[in-house]
Amino acid sequence: MELDQQKTPLFTGLKQYASKKPTPFHIPGHKKGQGMDPSYREFIGDNALSIDLINIAPLDDLHHPHGFIHEAQQLAAHAFGADYTFFSVQGTSGAIMTMIMSVCKPGDKIIVPRNVHKSIMSAIIFSGALPIFVHPVIDRTHGIAHGVTTESIQRAIEAHPDAKAVLVINPTYYGFTCDLKEIVAIAHAAAIPVLVDEAHGVHTHFSKQLPISAMEAGADMAATSVHKLGGSLTQSSVLNVKSGLVSVDHTTAIMSMLTTTSTSYILLASLDAARKHLAIEGEKELKRVIALAHSARKQLNEINGLHCIGEECLTSSATFAHDPTKLFISLNELSISGYEAEVWLRDRYGIEVELSDLYNILCIITLGDDQSKIDLLIKAMTELAASFQQTDKQSISLSVKVPDIPTLAISPRDAFYSQTEFVSFDQSAGRIIAEFIMVYPPGIPILSPGELITQENLEYVKENMEAGLPVQGPEDQTLAFLKVIKEQSAIQ
């Protein structure tokens with residue numbers, strides 16, 4: 001089959017099928033919108049509803065693709081430099097779970113950074129794998145975690161040569177990458193596959209001005225969020241695979257196990273169209289986007305009290321390269337927190353940021369941005385900085401706190417399935433937690449099942465809560481109580 005990136009076999013096939021105006025006696029029950037609330041139908045539109053279809057014979061089946069979907073996935077694999085690409089309608093989280101469960105079974109070791117997304121820890125619990133944590137490099141100036149060093153991965157492999165996989169984040173949420181190509185070489189020398197959380201890096205494959213992509217670096221699998229930065233609809237992602245150290249057939253089986261049988265053709269079609277746009281227009285469009293981002297960073301850094309970090313942070317193999325489209329803005333010299341700034345920008349300018357934390361905000365520049373949006377951001381940030389300059393009585397900068405990484409006391413799976421009890425949040429220090437605590441976004445756990453709760457971690461959680469940040473995870477959403485491993489008393 002000729003691989004013509006101009007084609008959109010799935011999207012085109014859906015439109016052609018819908019144009020025949022078939023009479024459905026199958027699900028979905030709204031039947032082109034006729035069976036739903038009229039106001040919703042009018043808002044969504046007839047075109048979208050006409051392709052909200054199910055896996056009937058003419059439209060192929062994501063669980064056993066051989067027609068439109070198969071051809072679309074082949075085109076995606078070619079575009080991403082993979083041997084095989086799986087479409088995911090369950091986000092990058094679903095692709096990450098598939099990736100890990102494809103290579104790990106109960107008791108297997110997997111080398112991972114501690115600053116991983118909740119979905120990675122969930123997959124470790126489901127698979128029964130034992131995480132070998134590698135400490136990321138901590139940026140205490142800005143209160144964030146970067147990637148892992150090449151040396152730390154080398155030491156982890158030497159200490160655990162029986163590990164079944166190495167997982168890395170490339171790039172991080174904040175746009176920094178490790179030396180992925182060297183990590184792949186080190187792992188492959190030990191016959192260990194490399195899995196990549198590429199949730200924030202779909203665009204890197206389509207521009208030489210950006211850090212190297214997972215497939216370019218020779219990684220074996222990469223869970224890649226097309227919807228985040230690549231132009232597809234929310235919840236649509238891909239899993240890119242290179243065969244050899246991992247089995248495409250086994251990955252296919254795991255993906256099917258974890259994927260709904262009611263797959264959304266609207267999401268699948270958006271992946272097909274986004275792939276075409278990236279493959280044909282990506283390089284040109286990203287050149288424009290990168291220029292916008294460079295201009296925005298320069299202007300932000302000229303505003304008194306703001307610091308938009310970039311290439312000056314490239315000081316180790318953990319911060320080997322930087323994606324300039326991530327505008328990570330430190331407010332540490334102002335008298336306002338990141339969360340307060342998020343609310344201020346929303347209320348005053350109708351601007352929504354990607355992330356805020358105690359000290360920073362993150363804005364992302366994508367194919368959907370233009371100069372007018374950059375101008376609005378600069379105007380807003382100029383006013384914000386002028387409104388919240390620190391007075392002479394205030395300290396020069398806020399004290400940035402980054403808690404130490406907790407100690408893993410027992411495996412996440414054992415903790416999750418252990419007998420548990422609820423204890424007061426304030427009395428939980430020293431106990432082993434059996435649930436997640438995190439701030440989302442970015443969804444990196446402050447505490448994960450199996451880790452030892454420390455007073456420092458509790459204080460950090462409190463500080464985030466008091467600042468109004470969205471602390472999530474515990475069954476008790478008020479966080480008055482935490483679920484911990486039940487301690488067994490000796491029988492008298």
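For the residue classes used in these legends, Ala, Val, Leu, Ile, Met, Phe, Trp, Tyr, Cys and Pro count as nonpolar, Asp, Glu, Lys and Arg as charged, and the others, Gly among them, as polar. The model is predicted: local features need pLDDT of at least 70, side-chain atom pairs count only at pLDDT 80 or more, and totals for chains, interfaces and linings use all residues. Residues are numbered from 1 along each chain as its sequence is written, and side-chain values use heavy atoms, with hydrogens and water left out.

View A. A pocket is an open set of points on a 1 Å grid over the protein atoms alone, with protein on both sides within 12 Å along at least five of seven lines; a cavity is a set of points where a 1.4 Å probe fits but cannot get out, and lining residues have an atom within 4 Å of a point. The second largest pocket holds about 420 Å³ of space, a volume being the space filled by probe spheres set on the points, with grid points joined across faces, edges and corners. Its lining comprises 26 residues, and Ala18, Asn47, Leu49, Ser50 and Ile51 are the closest to the centre. This lining divides into 15 nonpolar, 6 polar and 5 charged residues. At least two residues each come from α1 (9-19), α3 (46-50) and α11 (265-301), where helices (H or I, at least four residues) and strands (E, at least two) are DSSP runs numbered from the N terminus. The greatest contribution is that of α1, with 5 residues.

**View B. Packing of α1 against α11.** The axes of α1 and α11 are 7 Å apart, and the helices pack at an angle of about 130 degrees. Axes are lines fitted to C-alpha atoms, for helices over the stretch in contact, and angles run from 0 to 180 degrees between N-to-C directions. The two helices are therefore oblique to each other; angles under 35 degrees count as roughly parallel, over 145 as roughly antiparallel, 65 to 115 as roughly perpendicular and the rest as oblique. Pro9, Leu10, Phe11 and Leu14 of α1 touch Tyr265, Leu268, Ala269, Asp272, Ala273 and Arg275 of α11, contact meaning heavy atoms within 4.5 Å. By class, this contact has 8 nonpolar, no polar and 2 charged residues.

**View C. Largest pocket.** About 550 Å³ of space lies in the largest pocket. Of its 29 lining residues, His117, His200, Lys228, Tyr440 and Pro442 are the closest to the centre. The lining of the largest pocket contains 12 nonpolar, 13 polar and 4 charged residues. Helices α5 (91-103), α6 (118-127) and α9 (226-229) each supply at least two of the lining residues, and α5 gives the most, with 4 residues.

**View D. Largest cavity.** The structure holds 5 cavities of 30 Å³ or more, and the largest has a volume of about 510 Å³. Among its 28 lining residues, Gly143, Ile444, Pro445, Ile446 and Tyr460 lie nearest the centre. By class, the lining of the largest cavity has 20 nonpolar, 5 polar and 3 charged residues.

**View E. Second largest cavity.** The second largest cavity has a volume of about 100 Å³. Residues lining this cavity include Leu62, His63, Tyr84, Phe86, Phe87 and Met255. Strand β1 (84-88) and helix α10 (248-258) each supply at least two residues of the lining.
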